[in-house]
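Morning, everyone. Please have a look at the chain on the screen, and then we'll walk through it together.

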Amino acid sequence: MNKIKRGATVGNAKQNADCVIEIKPRSKGIKINLNSLVKNQYGDAIIKAVKSELKKQDIAAAEVNITDRGAIDPVLRARMECVIKRGRGL
């Protein structure tokens with residue numbers, strides 16, 4: 001199991017069709033906080049994509065904060081991959 005060793009942030013909070021993702025270490029479990037302009041329409045899909053990327057990277061304990069401004073799935077997944085690597089210290 002890989003661990004998040006430090007907090008990390010990626011993304012652009014002012015750009016439409018982008019998102020900011022912050023990841024922090026946590027002792028156990030996954031906590032996801034979502035603030036999105038399209039939460040009512042796509043919140044479940046965003047959460048599913050985030051969980052999928054965490055599972056893909058074998059992360060079982062982390063806090064993830066997402067500020068979304070309409071990012072499409074590939075952007076969200078790329079940001080997740082980057083923030084996980086930074087959080088692991090890679």
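This is a predicted model: local features need pLDDT of at least 70, side-chain atom pairs count only at pLDDT 80 or more; totals for chains, interfaces and linings use all residues.

The buried residues of H1 are Gly 43, Ile 46, Ala 49, Val 50, Glu 53 and Leu 54. Now look at the spacing in that list. An α-helix has 3.6 residues a turn, so residues three or four places apart point the same way.

Next, what covers the buried residues of H1? The cover includes three strands: E2 at 19–24, E3 at 29–36 and E4 at 61–68. Helix H2, residues 73–88, is also part of that cover.

After H1 comes Asp 58. The phi of Asp 58 is positive, near 60 degrees.

Now step back to the whole chain. It has two helices and four strands. From the N terminus, the order is β-β-β-α-β-α. The radius of gyration is 12 Å, close to the 12 Å that the globule rule gives for 90 residues, so the chain is as compact as a globular protein of that length. The C-alpha trace spans about 30 × 20 × 20 Å along its principal axes.

How much of the chain is buried? Of the 90 residues, 36% count as buried. Then the contacts. Take those between residues at least 6 apart in sequence: 77% of them join residues at least 24 apart.

Last, the surface and the charges. The chain exposes about 5,500 Å², and carbon and sulfur atoms supply 47% of that. There are 19 positive and 9 negative side chains. The centres of the two sets lie 5 Å apart.

Technical notes. Residues are numbered from 1 along each chain as its sequence is written. Side-chain values use heavy atoms; hydrogens and water are left out. Buried means under 20% relative accessible area, exposed over 50%, partly exposed in between (1.4 Å probe, protein chains only). Contact means heavy atoms within 4.5 Å. The radius of gyration is taken over C-alpha atoms; the globule rule is 2.2 Å times the number of residues to the power 0.38. Accessible areas come from the Shrake-Rupley method with a 1.4 Å probe; for residues, only the protein chains shown count as cover. Lys and Arg count as positive and Asp and Glu as negative; His and the chain ends are not counted. The place of a charge is taken as NZ of Lys, CZ of Arg, CG of Asp or CD of Glu.
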